[in-house]
Amino acid sequence: MKKWVGVSGVIIMLFSGICLEVWADTLEIEKEMPVEELFFMEIPIVVTAARKEQSQFETASATYVITAEDIRRSGATTIPELLRMVPGLNVAQISASEWAISSRGFLFLKRFSGELLVMIDGRSVYTPLFAGVYWDVQDTLLEDIERIEVVRGPGGTLWGANAVNGVINIITKSAKDTQGGLFHAGYGDREEGFGAVRYGLEMGNDVYLRAYAKYFNRDDFVGGNDQWQAQRGGFRLDWDISYQDALTVMGDYYDGRADQTVSLTSLSPPAVLLTDDTRDLHGGNVLLRWQRRPSEESDIILQAYFDNAEREEKTLDQRIDTYDLDFQHRFLLGERQEITWGMGYRLVADKLRGSFDISLDPEERQTQLFSTFLQDQITVMENLWLTLGSKFEHNDFTGFEIQPSGRFLWQPLPRHALWGAISRAVRTSSRADNNIRTNLAAFPGGGGVPALVSVFGNDGTESVDLLAYEIGYRYQFSQRLSLDVTGFYNIYDNLFTVEPGVPVFEIEPSPPHLLIPSFLDNLMDGETYGVETAANWQAMRNWRLSSSFTQLNMQLHLDSDSKDGNRDALVEGANPEHQFQIRSYLNLPYNLEQDTAVYYVSRLYKPEVSGYTRMDMRLGWHPRNNLELSLSLQNLLDNHHPEFSDVSEVPRSVYAKITFKW
């Protein structure tokens with residue numbers, strides 16, 4: 001370890017030395033650098049906030065965009081690592097293959113994404129089994145991602161139930177923009193080999209195709225049994241049928257495995273044992289999208305997709321098939337109104353083979369979701385817009401749901417934008433909320449009869465209800481400096497609790513035992529409020545700085561008839577009160593790039609995790625336009641540290657990568 005620390009110190013000193021030695025020269029050389037090597041403060045385009053293309057400056061939502069350049073220069077190898085850049089998101093890595101990610105609080109258990117809807121090219125990857133995201137299978141070729149759009153705050157009016165605290169939409173590049181070949185490979189102390197190849201070609205007039213394949217193998221974290229490897233492949237076809245019509249067809253397939261340690265409960269003898277296990281992961285998807293644009297002010301989009309996800313574990317085997325159809329139409333109504341409306345249908349069919357530890361009754365179930373939405377953007381004055389709308393849904397868990405919102409955007413002066421919103425959003429019950437049984441512990445009882453502690457779902461649970469108030473301000477000080485500030489106040493109702501039941505004598509499963517049950521219920525409410533700030537500064541033509549600060553306060557309250565004695569403290573304590581980050585992108589002479597990111601996350605109280613500061617660094621070199629060599633170092637300030645639990649800790653790591661295009 002001491003040797004590794006010394007090597008890291010030398011590398012850091014080398015990076016610093018390069019920067020210091022060329023600093024004076026850079027001030028002059030940047031004037032002579034080619035335009036394509038210089039940064040420009042471009043305002044990103046987003047579609048997730050309003051289901052249409054618009055400048056981020058014109059959105060009446062708290063939006064953030066991770067660009068393709070941010071992705072390339074991040075040194076990250078997974079999508080969750082990229083999300084650390086977003087103000088207001090909490091990204092905590094649990095093991096080599098698992099993350100807990102939330103927006104504006106409610107990060108509680110692993111794999112749960114805090115009422116956060118996640119999509120890849122408009123395809124929802126939010127699993128209906130437990131209302132969360134399996135981040136270990138959400139992947140694609142990072143070089144093919146055009147941008148990642150994040151909308152913090154409720155998005156239920158446009159995207160439906162479960163878009164409560166935010167929406168993440170990962171948008172990939174068109175096949176037309178990825179012509180030719182790409183190959184990358186890398187190796188490091190934790191990244192035990194990874195590589196990918198992609199090729200794009202023109203098949204005919206305005207018909208473009210690309211295909212890719214990738215593989216990686218990642219080592220265990222400190223203290224963990226969590227080695228992770230997977231392979232994935234996919235394609236995308238884009239056909240510009242005419243000036244008005246376009247067709248996109250894309251698909252992916254993946255296969256992988258991830259080691260883990262699980263706790264197994266036994267009645268003979270009564271005990272809870274930790275044992276090694278391997279998650280086998282398989283799945284695939286195919287998506288078809290047709291878009292027609294009669295004019296710049298009107299478009300029609302019809303999208304359909306099928307998604308298959310299979311997981312095999314000691315505690316629960318899953319097969320979940322999702323069929324989804326979505327229609328959207330946007331048009332002008334008169335001179336001052338823009339109408340966007342649509343409808344959707346989703347069918348989810350699951351087959352779940354449980355174990356003594358986790359089971360669902362019934363093991364097979366089909367659920368349906370019907371939805372429609374309507375949104376009206378009204379131009380009140382030349383610089384003032386009002387947006388009103390609502391989503392109407394019917395699901396098989398909680399029935400009929402309405403999610404309205406009202407938003408305004410005011411630009412009193414050029415480069416100034418003030419916006420505000422009042423919204424309602426819901427997180428509907430999941431399959432697990434309704435039908436699960438989890439046997440948590442077994443121990444010897446009186447008279448030699450074992451006792452079993454179990455938690456049961458409840459088909460009478462209601463949707464978690466959010467009423468959100470938001471206000472934001474954006475200011476473009478100059479072409480070099482911008483500021484984005486958002487404040488929010490959220491009121492939650494029907495939050496989940498676990499309430500004790502009456503102990504009963506149970507014969508099955510054998511041997512006979514005393515069952516000590518608990519049941520899910522909705523006996524908690526509360527408020528969260530906070531501030532999120534983000535700033536971008538073009539310090540020089542070849543040097544860009546980005547920073548953000550987030551403050552989150554949570555005040556949760558158990559109902560008077562709740563017996564869940566510490567649920568409020570558990571949920572509050574699992575979310576950091578403060579987060580801060582600063583990132584530097586520096587273009588150096590001789591085709592060198594030096595990028596640094598520093599992240600600070602305050603302590604967690606339940607589970608007890610100390611606050612930490614993480615620094616990542618990357619050095620890139622372009623000896624030729626089509627060749628890139630890079631060295632990335634992660635978590636430089638610690639040998640290892642926990643981010644969400646002390647079972648497995650994030651280690652310091654380094655890897656080298658080569659990328660070649662032709």
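Residues are numbered from 1 along each chain as its sequence is written, and side-chain values use heavy atoms, with hydrogens and water left out. Because the model is predicted, local features need a pLDDT of at least 70 and side-chain atom pairs count only at pLDDT 80 or more, whereas totals for chains, interfaces and linings use all residues.

The structure holds 13 aromatic pairs, where rings of Phe, Tyr and Trp (its six-membered ring) pair if their centres lie within 6.5 Å, and where planes under 30 degrees apart count as stacked, over 60 as edge-to-face and the rest as tilted. One of these is the tilted pair of Y345 and F370, with 5.1 Å from centre to centre and 50° between the planes. This pair links distant parts of the chain, since Y345 belongs to strand β18 (residues 337-354) and F370 to strand β20 (residues 364-381), 25 residues apart; strands (E, at least two residues) and helices (H or I, at least four) are DSSP runs numbered from the N terminus. Y345, at 28% relative accessibility, is partly exposed, and F370 is likewise partly exposed at 41%, where buried means under 20% relative accessible area, exposed over 50%, and partly exposed in between (1.4 Å probe, protein chains only). The rings of Y475 and F477 have centres 4.1 Å apart and planes at 55°, so this pair is also tilted.

Charged side chains also meet aromatic rings, a charge sitting over a ring if NZ of Lys or CZ of Arg is within 6 Å of the ring centre and within 35 degrees of the ring normal. The charged end of R104 sits over the ring of F488, 4.3 Å from its centre, while R311 lies over the face of Y134 at 3.6 Å from the ring centre.

A search of the whole structure finds 49 salt bridges, each being a side-chain nitrogen of Lys or Arg within 4 Å of a carboxyl oxygen of Asp or Glu. Among them, E643 and R84 meet at 3.1 Å, N to O; E643 lies in the loop between β35 (640-641) and β36 (650-651) and R84 in the loop between α3 (79-82) and β4 (89-93), so the pair ties together parts that are 559 residues apart in sequence. E643 is buried at 3% relative accessible area, and R84 is buried at 8%. R330 and D299 form another salt bridge (2.9 Å, N to O), and both residues are buried. Finally, salt bridges that share partners join E69, R72, R73, E593, D595, R618 and E628 into one network.
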